[in-house]
Amino acid sequence: MTVKLTQPLDDVVIGTQEKSFLRNLQANILKGHGREHVALLFLEIRNATRARQFLHGFPVSDAYTQLQEVRQFKATRAPGGVVRLVFLSQSGMAALGHDAKFQGFGAFSAGMAADPQVLDDGATDSWQAELTQPLHVLLLVAYHDEADFARIVGKLAGDVGDTAASGFELRFVQEGRAYKNSDGEGIEHFGYVDGRSQPLMLKTELAGEARTVYDPEAPLAQFIVPDPLVPAGTAGFGSFFVFRKLEQNVAGFKQAEQALADTLGLVGADRERAGAQVVGRFEDGTPITLDRQEMGVPVRNDFDYGADASGGKCPFQGHIRKSNPRGSSPGGLDFDKGVQMARRGITYGCRLQDPDSKELIDRPNDGVGLLFMSYQASIEKQFHFMQTQWVNNEGFPQGGVGIDPIIGQVGTLPQSWPPVYDSTAGAVQKLFRGFVALKGGEYFFTPSIAGIKNL
Ligand code: HEM
C-alpha cells in the first residue's frame, strides 16, 4: 500500500495503487457526493444470515467511481449516478457477531443514546420515538432527480421492509433535501450558507483554494482508519460516522436575531450583523471577522482570528469560532485543525422558497432542520471533543464566554455581543440558545467495500 495516510491524496493522476485503495473505500468520505436528495433508511437486524446476504448484494458506491463522476461532470455537466452507502452501529456489529473487533472505541462502543454529554439536558427526552429504537444498520441513498429518487427509495424500502427475505426490520426512513441560495451555494434553514469550510484531503480540491492565511489541508488519517472487518492479511479503510437529527426552530431563531439587533441598537443593513455574530458568517457566507466589503462567490475560507483577538468582530461564541478556532484556541493551529471532521450534512423538511430571489419565505418552528453527518478517524477526538470541550463548554476558549448559540446544549451564562464592529466596548450580555433540538442520532462505522463483503 503506497497511499500515504499522513498527507492528502494526490488524485490528479490516479495510479494503480490509488485506484485499488479508492475502489475499496466508500464514496462521500473524501469528498461530499453533492446530490440534492438523500434518504436514510434505519434498519434493525432480525436475521443475521439474511441481513448479511442482503448487504453482500447491496451495490455500494466507491470513492473511485465518485471521483470519475466528478471529472465527467466537470467536462460534460452530466450528473453522477445513484449513491448508495452502508453504515453499522456497534449494536449492528454485535448483531452480526463483529462487536469484539470494535472494542475500545470509546463513545462509539456505547452508542450516542448512552453518551449524556452530547444529549440535550443529558437525556434522550427530546428524541423522536423511531430514533430511540435499535439502529443497527443505516443505508444512505442519494440522487439528483427527485422523481427517480422517490422510485429508487420506494423500491429499496419495499425490499428491506420484507423482513422474511431481507432479515431486516425497517425502522424509519428520513429524507433530506438541499436548498441553495441565488449564488447556487447550499444553505441551512436559518438562511446561512453552510458546508463552506471543510478540511480538504484531495489535491484537486486544495488546488482551487486560497490558502495564505488558513490552510484547510488535512491528512487522510484524520478521516480514515484500518477497517477491522476486512479478511486477515488484506487492507481496507473505513471511517467513523456521526449522525444527528437537529431540528431548527426557524421562527424563534429569526425573532431572536431581530431582538439581538434591537438590543445592540443596530440599524439598516448593519442589523444583519446580529445574526452574523451568532453564526460567525453573514447569510451569504462572508466571514464576519473579515471586512464586510470582501464578498464574492465562492465565499472566503482563507481567514483566521489573528486580527480579532478580542472578539470585537466575531465573538468567541460565534458558531464557527467555537467549532473551529483556527489556531486561536489554547491548543494551537495544528490541534484545532486536527479536530475537524468531514461534514456531509443535508437539510431536511420543506420550505417555501421564492423562485427568483431563492429566499426562504416561511418561518416554521418545527419539522425542519439539519441531518448532521460527519466522517472522522476518532469520534472521541473529533465530534465528541468538539461538542463537549468546545461548543458546550461555557469556558471555551476562555472563562465566561458561554455556549455556542446554535448547537450548545446546556448553558445558562449570557454571551457577550459587541454593538460596534471591531470593538468590544459596551458589549451587551444576552443569552442566545435553544433554537436547535436533538431529535435523535447514532455513532456508526463506515466499512470498506471488502469489509462489507466479509461481514
Ligand atoms: C442545526 C445545526 C447547525 C447549523 C444551523 C449549523 C450552521 C453552520 C453554518 C451556517 C456554518 C458556516 C458555513 C461553513 O463554514 O461551512 C457552519 C460551520 C460549521 N459547523 Fe455548523 N451548524 C450546525 C450543526 C453543527 C454541528 C452539530 C457541528 C459539530 C459538532 C457543527 C460544526 C461546524 C463546523 C466545524 C463548521 C466550520 C467552522 C469553520 O471551519 O470555520 N455544526 N455551521
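Predicted model: local features only at pLDDT ≥ 70, side-chain atom pairs only at ≥ 80, totals over all residues.
**Entry 1: the ligand shell**

I began with the make-up of the shell around the ligand, and its residues divide into 13 nonpolar, 8 polar and 6 charged. For this I counted Ala, Val, Leu, Ile, Met, Phe, Trp, Tyr, Cys and Pro as nonpolar, Asp, Glu, Lys and Arg as charged, and the others, Gly among them, as polar. Residues are numbered from 1 along each chain as its sequence is written, and side-chain values use heavy atoms, with hydrogens and water left out.

Next I asked which residues come nearest to the ligand.

**Entry 2: iron and polar contacts**

I looked up the iron and found a single protein donor, NE2 of His319, 2.1 Å away. Donors here are N, O and S atoms within 2.8 Å of the metal (3.2 Å for Na, K and Ca); water is not among the atoms, so the site may look incomplete. His319 sits in helix H11, residues 319-323; helices (H or I, at least four residues) and strands (E, at least two) are DSSP runs, numbered from the N terminus.

His319 has one 2.9 Å from a ligand nitrogen, Asn324 has one 2.8 Å from a ligand oxygen, and an N or O atom in the side chain of Arg326 is 2.7 Å from a ligand oxygen. Two or more shell residues come from each of strand S8 (237-248), H11, strand S11 (369-376) and helix H13 (383-391).

I checked the peptide bonds and noted a cis one joining Phe396 and Pro397, with omega about 0°. Pro397 is in the loop between H13 and strand S12 (415-417).

I also noted Asp121, a residue other than glycine with a positive phi, near 55°. Asp121 belongs to the loop between helix H5 (107-110) and strand S3 (137-143).

Key. Near = heavy atom within 4 Å. Polar contact = N/O pair within 3.5 Å; in protein donor to acceptor, adjacent residues only side chain to side chain.
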